[in-house]
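Please open the structure in a viewer and keep a selection tool at hand.

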Amino acid sequence: MKNKFRFKVKALLVGFVLAKVAVTGFVLWGSAPLSVLLSAPEAAVAQDEAALPSEPPAPPLSDDVGRQERLAELQAVSNQLEAKRVALQEEEQRLNAQRKQLETLKREIDVKLEDLKSVQAKIDAQLKRKAEMEAQAQEQQSIAEAAKIKQLVKVYTSMKPKKAAEIIDKLDMKVVHQVFSNMKGEAVGQILTYVSRDRAAEITERMAPPREEK
């Protein structure tokens with residue numbers, strides 16, 4: 001505004017100077033009309049006003065500069081928070097995907113464990129059945145051996161001692177022990193009389209009760 005005012009004052013001064021020059025010329029030569037002489041200052045003023053540059057925009061105030069700086073800082077913080085939010089969202093998605101994979105793996109493991117339990121139950125049942133069958137077979141074998149020994153006792157008791165001794169000399173010591181263990185002592189003594197000395201000693205040692213350690 002001050003510049004514009006100065007330009008107006010300058011323009012008026014220039015106009016008056018031109019007017020004075022025009023009047024002097026009129027007086028000297030009488031060639032210029034009076035209206036031209038009177039309008040000369042106004043034209044000069046208008047010409048100077050037109051030559052004036054447009055008023056420049058007011059420079060930004062310090063408050064505006066500070067406000068812009070604060071806005072820039074807030075925008076930077078907002079960008080950082082947005083980046084962290086995106087990173088957290090991606091991490092959450094990754095964790096959710098891992099959780100789903102773990103749940104799927106857990107279900108598969110549970111199914112396999114159930115299958116293993118079923119297989120283990122079948123194996124246990126088979127082992128139990130096998131043990132029962134073996135026990136039954138052992139029992140039947142024991143019954144059969146007991147019946148056989150009983151029959152042998154009956155046979156050897158009815159035989160003459162000398163004839164029975166000949167057979168005893170050829171039998172397995174285990175069988176001899178079982179037979180003599182089920183015979184009466186008198187019958188055993190009669191048979192041992194005809195058994196060889198070494199064989200009789202071995203039979204007697206087998207049939208002797210175990211000695212108690214002192």
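The stops that follow concern a predicted model.

**Core.** Begin with Phe180, Met183 and Ile191, the residues with the most contacts inside the largest nonpolar core, which has 19 residues. Then colour α3, α4, α5 (173–181), α6 (185–192) and α7 (197–207), the elements that each give two or more residues to this core. Centre the view on Phe180: leaving aside residues up to four places away in sequence, Phe180 touches Ile168, Val188, Ile191, Leu192, Ile203 and Met207.

**Helix α4.** Select residues 161–168, where Ala164, Ala165 and Ile168 are buried. These residues lie on the same side of α4, because they cover an arc of only 105 degrees around the axis.

**Salt bridges along α3.** The whole structure holds five salt bridges; three of them are visited here.

- Select Glu82 and Arg85, whose side chains meet at 2.6 Å, N to O. The two are three residues apart in helix α3, about one helical turn. Glu82 is partly exposed at 38% relative accessibility, and Arg85 is partly exposed at 43%.
- Move to Asp110 and Lys106, which are bridged at 3.1 Å, N to O. They lie four residues apart in α3. Asp110 is partly exposed at 32%, whereas Lys106 counts as exposed at 53%.
- Continue to Glu132 and Arg129, with a salt bridge at 3.9 Å, N to O.

**Surface patch.** Finally, select Leu102, Leu105, Ile109, Leu113 and Leu116, which form a nonpolar surface patch with about 480 Å² of accessible area together. Leu113 belongs to helix α3 (residues 62–158) and is partly exposed, with a relative accessible area of 41%.

Technical notes:
Residues numbered from 1 in each chain as written. Predicted model: local features only at pLDDT ≥ 70, side-chain atom pairs only at ≥ 80, totals over all residues. Heavy atoms only, no water. Patch = residues over 30% accessible without salt bridge, like charges linked within 9 Å, V, L, I, M, F, W, Y side chains within 5 Å. Areas by Shrake-Rupley, 256 points an atom, 1.4 Å probe, with all protein chains shown as cover. Salt bridge = Lys/Arg side-chain N within 4 Å of Asp/Glu carboxyl O. Buried < 20%, exposed > 50% of the residue type's maximum accessible area, 1.4 Å probe, protein only. Arc of directions from axis to C-beta. Core = buried A, V, L, I, M, F, W, Y, C linked by side-chain atoms within 4.5 Å. Contact = heavy atoms within 4.5 Å.
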